[in-house]
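Dear colleague,

Please find the structure below, handed over for your own work. A summary of the findings follows it.

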There are 6 protein chains.
Amino acid sequence: MNELKLKELLKQFFLEDIGERDVTSETIFSPMDEGRAIFVAKEDGMIAGVSIIEIGYKLLHSSIACQLYKRDGERVKKGEPIAVVSGPMIPLLSGERVILNLLQRMSGIATLTNQAVRALNSNHTRICDTRKTTPGLRMLEKYAVTCGGGYNHRFGLYDGVMIKDNHIAFCGSIKKAVERVRSQLGHMVKIEVETETKQQVIEAVEAGADIIMFDNRTPEEIREFVQLVPSSIITEVSGGITLENIAQYRDTGVDYISLGMLTHSAKALDISLNVQ
Amino acid sequence: MNELKLKELLKQFFLEDIGERDVTSETIFSPMDEGRAIFVAKEDGMIAGVSIIEIGYKLLHSSIACQLYKRDGERVKKGEPIAVVSGPMIPLLSGERVILNLLQRMSGIATLTNQAVRALNSNHTRICDTRKTTPGLRMLEKYAVTCGGGYNHRFGLYDGVMIKDNHIAFCGSIKKAVERVRSQLGHMVKIEVETETKQQVIEAVEAGADIIMFDNRTPEEIREFVQLVPSSIITEVSGGITLENIAQYRDTGVDYISLGMLTHSAKALDISLNVQ
Amino acid sequence: MNELKLKELLKQFFLEDIGERDVTSETIFSPMDEGRAIFVAKEDGMIAGVSIIEIGYKLLHSSIACQLYKRDGERVKKGEPIAVVSGPMIPLLSGERVILNLLQRMSGIATLTNQAVRALNSNHTRICDTRKTTPGLRMLEKYAVTCGGGYNHRFGLYDGVMIKDNHIAFCGSIKKAVERVRSQLGHMVKIEVETETKQQVIEAVEAGADIIMFDNRTPEEIREFVQLVPSSIITEVSGGITLENIAQYRDTGVDYISLGMLTHSAKALDISLNVQ
Amino acid sequence: MNELKLKELLKQFFLEDIGERDVTSETIFSPMDEGRAIFVAKEDGMIAGVSIIEIGYKLLHSSIACQLYKRDGERVKKGEPIAVVSGPMIPLLSGERVILNLLQRMSGIATLTNQAVRALNSNHTRICDTRKTTPGLRMLEKYAVTCGGGYNHRFGLYDGVMIKDNHIAFCGSIKKAVERVRSQLGHMVKIEVETETKQQVIEAVEAGADIIMFDNRTPEEIREFVQLVPSSIITEVSGGITLENIAQYRDTGVDYISLGMLTHSAKALDISLNVQ
Amino acid sequence: MNELKLKELLKQFFLEDIGERDVTSETIFSPMDEGRAIFVAKEDGMIAGVSIIEIGYKLLHSSIACQLYKRDGERVKKGEPIAVVSGPMIPLLSGERVILNLLQRMSGIATLTNQAVRALNSNHTRICDTRKTTPGLRMLEKYAVTCGGGYNHRFGLYDGVMIKDNHIAFCGSIKKAVERVRSQLGHMVKIEVETETKQQVIEAVEAGADIIMFDNRTPEEIREFVQLVPSSIITEVSGGITLENIAQYRDTGVDYISLGMLTHSAKALDISLNVQ
Amino acid sequence: MNELKLKELLKQFFLEDIGERDVTSETIFSPMDEGRAIFVAKEDGMIAGVSIIEIGYKLLHSSIACQLYKRDGERVKKGEPIAVVSGPMIPLLSGERVILNLLQRMSGIATLTNQAVRALNSNHTRICDTRKTTPGLRMLEKYAVTCGGGYNHRFGLYDGVMIKDNHIAFCGSIKKAVERVRSQLGHMVKIEVETETKQQVIEAVEAGADIIMFDNRTPEEIREFVQLVPSSIITEVSGGITLENIAQYRDTGVDYISLGMLTHSAKALDISLNVQ
């Protein structure tokens, strides 16, 4: 993660929550009152985003100290401490909700990703994310996927080509679509083609796609499609895959399984801040 | 929703996704190519955020036309159209993901809120949200809660006092905490006190709280606590309430049930954009 | 005040005044030249905003030291020192005007508020501000009001309902207007109703307003109106009140007097920075 | 005024006041409800900033129409209409306060400036402003000064040199200070020197200052000092000048009188928006 | 180019140049005065960025009309018209410099790129840019390279891996460096390895690099190195290549020649705006 | 330079280059790995912008140390060290390109300016810049000109009047144009008039211009024109002047020569960062 960007995001989020002032803590406590608080897991899961605790609190007050007990990507059990923070009470409490909201969401994503990785249990096939992230949080959510053992698909429309049915229909064929793109783009951009049939897979191979995606295919179809693709081309499958059925894709030989749910439907991991 | 703020958010989100350019659509299509696409529900639910389709696309290109078939808070069946957009292909496709991500998330929140409202099925008790929203999206998510039939709790630390255990412990008593706050704040700010015991509820009533919250209490306790509170003070319950058990709170007489899950754990409603 | 927001405001204000460079100080002094300067009151008044001296200068140069002699809300006599700053001459002088402009304005507001509080001289009735603040400075000006012994009315259109004549006319009655609002808003938002006649006051009481405002009424009318309102509802008066006539409102029993002049027509308190 | 900058400022100010939503108007009115409202002067004065009505409302809603009855710099009598706006009620009311706050402040500055110009009543001497403006509003306030018949001094530290006592003391003499500055700056920057004594005026003339300012001098001293300065050098006086005593400076022959009060202590001109 | 991003950049650039107001045009012309002006090439070259004329002027004033005579990537002769704009004089003149500065710079880059492409005169080898762009203008400058017939290398540190000598030294070998990267990154990111010797090229091939760059090699070395690389891996050469010697690289068989000079040392193409 | 503005620019530039993360360095190095690197000149020239090394790296990581060996405006020989930086490898490498791009561009401008100053070799005539700077970088580029021994012309449209042929044509005469401007602007703004003929120069003198510019005139014409202008008015020449012919202007007696090429066509000075 780009820490400079993280700081800009955190500023924006604190401004959203605190606004002109924290009407409760600023009237109850004086700027001199100090305290100590512990971030504790309230359910089992995998942690992501602990640096937000330290960087976030430093933005709010330079004298808040922070000790981390868990690293990103580490498992946590219900009741285990994640970090201890100490310093002036007002910023400790004013910053709590934003930090928890981010930490819980990121840890929820890491936890779900890790469940998918373990349910798949493959030495070959990797789990990856999609662009179905929360607007404004893509950097944080894609990072959380890697904490859970997953990999990142493209970050946006700018860093990878994805040729879909509309593009193919418009150009007339996969070959023409790939050619059109290659003739205009440099060598640092990968080209992925979405396919649904055996015929399309063959076309995509001939067109020289860098990655071929099998859209909404059964494990059997995927196994068959993978055979059609030389090892120098990466394969990916997407659509209809859940924690329940992911194990069926284990021996298909596909390189990547992309899962939109990792970011659009992860439940927050329950974490609380206990003031002492 | 403040439309000016919505536009600023949408700009930020489009910049995140599109970056310097859409490497696929800008190489496949020319700026002259036009098309038409339909937003279609892929599962049953409740819609929230349709104005984002129109406002979002207008930001990307002034000549995109938009026709809406559903209003916010309306139910949608799998397969039903939500909106039709037409205009230049490049912005139609470049804007798709951001708009879908927001529409799906907001509709997911509205759908979950509405499930809670219907499961509770009360003429008296209202469902409300919390500050456990996605950082950066609070305005959108709180709006989605109202589309689903829920109500908004405070928007941030700035527009409502919430006196919790730490504040009470620090001040010595609920009474002292409420007095401390009242002596400093004007008459437009409401004061809510979190309570866990009968004794605390009685204290909060005597302290003149505007709202008394029962934290993590059983339906039986709540029924008892509500009796202790005069009708001029609003009651709220929070903690441990799910879609499964919410009906048990129907006859407790409590005024508000606040649910963090509405915003931190809603699943996105599946919606797609079909280009024609 | 939210210190993070204060820093963002100060950055914006320094950029407005300094632009690309301070053509005078950057050519006269070298970055090595150091100095010391005192903020001194040039007339009697009440101080507000001293933290801006320290936070502002730290933004301009990390090695500027600052010692404060006055706290916000403290009285100051002509000639008394407020703070001493020392460090590199260039930022000391480049930051002077912005810091003085804010300090003088905020102290002017605190001074005027305090004059109103003392002229009113009531144990019961509080002075409060309005939304007639300088655009962009609301947080600072509302804070200055509290330094002078006043209270804050709502901060914006987002944190409190104010039902005025247009709203009432449109809905048909005060009762319908209040109902319409209550049916849509949660329990953390207070509802104030503006009234001009005895009849309207009675209606507002029946409608269950949280606050009833008497718009442009004489002390006699107010005394009479207050009798119509149960103690659980807060009363406020606004319009036509000046430093000269405010004492006439002392025994009306009204809870709040709101004064637009506190922020829209306060004179700056004269303060200077003397370099030594 | 730079209209692009004006729009950015207005956006920021509307976001400050409206926040996430206007809780009153958005619940009372539907987006379909339309209305008409008149800006009316509630006291005599001079108008400045009418374009803010049109530009501001256009930012809030593209279909609000605006008709202006007064131009900037025009006199207005109590009760006279300034502009009529019509369109959707929600933005009409949500934008009211910000637009009035700016219009009242700017018109207050124009009115005070014009009072000064008329009290001075000189064919030769011009009134000008200072950098004692409200942080964030300099462009608007300096523009308002010109509407009232005044002139602008430098806009910031970047567009004009002002050599004061500290600079002179540090360099050893006015001559050395001016030389130091001239040796580093190009030909588009004017150099003003603050003087307090006859001796200093003579030095400043010899040093080749572009403008010589007489700081806190009596009309008699000024008349004397002006004689020492060749007509190619501009003279300015500052300090201790009020509406009451400004006429005494009429025949001093000085070129400019700068008045901090124009911007730091102007009272807002009372203007209201009457919905019809 | 992302038009939304382009607009944000243009706003920032106009604010830099115009500041609070255009002191010349705003005093000479009234807002009613209209005019017409032609953008004319003052030397031969290739045009890039014409959309900036239209989008830029629309930002300044909605009623400025614009007619374009040249498309991006088109050659222009000295004296040829590029575009005609008409509308209010004040924005026509206030926007002139920013638009010319961008258009001249972008056209200068396109012209230089095109000179390189023609000097190379190869059916196989492509010219590409680097990250040696002007900070803040990368999107515009990389777009200008494509207008001149060149291709884009990676846009930033985020969309492509470049393994250099430091990385290799730290990891112990090219193989270990590539493995380390591949084990952490998804399938959409390409990996380029910088090499200087035959041995390193062989290692990079074995490590499975996507692109192999020959750093500062002679045409002879490159010809030899290219033979070592299978056609599925892309080759690139960088360093020491000028307009004068680029033809010597024509038959080396390398896929890409990257040239920092395209963006860091292009001369602006002379273009003027003639008001009629 | 305004350091606060410099920091805001640097943040924006780092975000442009690093985006969400540095895919190379963040995967090769751990946050614990530290290193040391030297900025070295790869050709002879003049340095400008060294403070960017320190301020830029501090923004990326607070623990990076920086030692500077050269000051702005100092000559550097090929191979000489400019600065040494040490600290964590990831930010050392992630920040390299942005810092080099700025340092090279600014040093290129300083070098070219200094070449012009030395080619002119005049005790009287000064070299100055224009507004033909890179949009977004004006502060940096104009500062670089001063490092090379040049002077700054106006910074934007806001801090100096430039009356050109269009303005004159519109007003009817130079005299009317100057009067029109003077009647509206204060005493801190200088007025420059562009002239092409002897007649125009005489008119400009009579109109009381502060600066008279001779547009595209030969050295002979300039010598003649200068004679027509009293010494209290500054003269400037612009257009058609190159490093090759600038010496011909040495004895013309003109005060300033403005050169657009200093900023629009300077070649970057080659500087590299060598990691040790």
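This is a predicted model: local features need pLDDT of at least 70, side-chain atom pairs count only at pLDDT 80 or more; totals for chains, interfaces and linings use all residues.

Chain C and chain F bury about 980 Å² between them, with 53% of that area on carbon and sulfur atoms. Buried area here is the accessible area, taken with a 1.4 Å probe, that two parts lose on being put together, summed over both. On the chain C side, the greatest losses to chain F fall on Lys11(C), Leu15(C) and Glu20(C), which together account for 55% of what that side buries.

Residues are numbered from 1 along each chain as its sequence is written, chains are lettered from A and ligands numbered from 1 in the order in which they are written, and side-chain values use heavy atoms, with hydrogens and water left out.

**Chains C and F**

Ten residues of chain C are in contact with ten residues of chain F, contact meaning heavy atoms within 4.5 Å. Two salt bridges are found across this interface; the term stands for a side-chain nitrogen of Lys or Arg within 4 Å of a carboxyl oxygen of Asp or Glu. Lys11(C) is bridged in this way to Glu8(F), with the closest N and O atoms 3.4 Å apart.

Five residue pairs are in polar contact between chain C and chain F, both residues being at pLDDT 80 or more. A polar contact is a pair of N or O atoms within 3.5 Å; within protein, one must be able to donate a hydrogen and the other to accept it, and residues adjacent in sequence count only if both atoms are side-chain atoms. On the side of chain C that touches chain F, α1 (3-18) and α3 (51-60) of chain C each supply at least two residues. The most comes from α1(C), with four residues. By class, that side has five nonpolar, one polar and four charged residues. For these classes, Ala, Val, Leu, Ile, Met, Phe, Trp, Tyr, Cys and Pro count as nonpolar, Asp, Glu, Lys and Arg as charged, and the others, Gly among them, as polar. Helices (H or I, at least four residues) and strands (E, at least two) are DSSP runs, numbered from the N terminus.

How are chain C and chain F related? A rotation of 120° with 0.0 Å of shift along its axis superposes chain C on chain F, at an RMSD of 0.0 Å. The two copies are thus related as by a three-fold rotation axis. Superposition is by least squares on the C-alpha atoms of residues with pLDDT of at least 70 in both copies. Within chain C, the residue closest to the rotation axis is Glu8(C), at 6.6 Å (C-alpha). Only 10% of the interface residues of chain C are also interface residues in chain F, so these copies meet through different surfaces.

**Chains A and B**

The contact between these chains takes 59 residues from chain B and 59 residues from chain A. The area buried between them is about 5,000 Å², of which carbon and sulfur atoms give 56%. Four salt bridges are counted between chain B and chain A; one of them joins the side chains of Arg138(B) and Asp17(A) at 2.4 Å, N to O. There are also 30 residue pairs in polar contact, both residues at pLDDT 80 or more. The side of chain B that touches chain A has 26 nonpolar, 18 polar and 15 charged residues.

**Other chain pairs**

Chain A and chain D do not touch, their nearest C-alpha atoms being 9 Å apart. Chain C and chain E likewise have no contact, with closest C-alpha atoms 9 Å apart. Over all chains, the structure holds 78 salt bridges.

With kind regards
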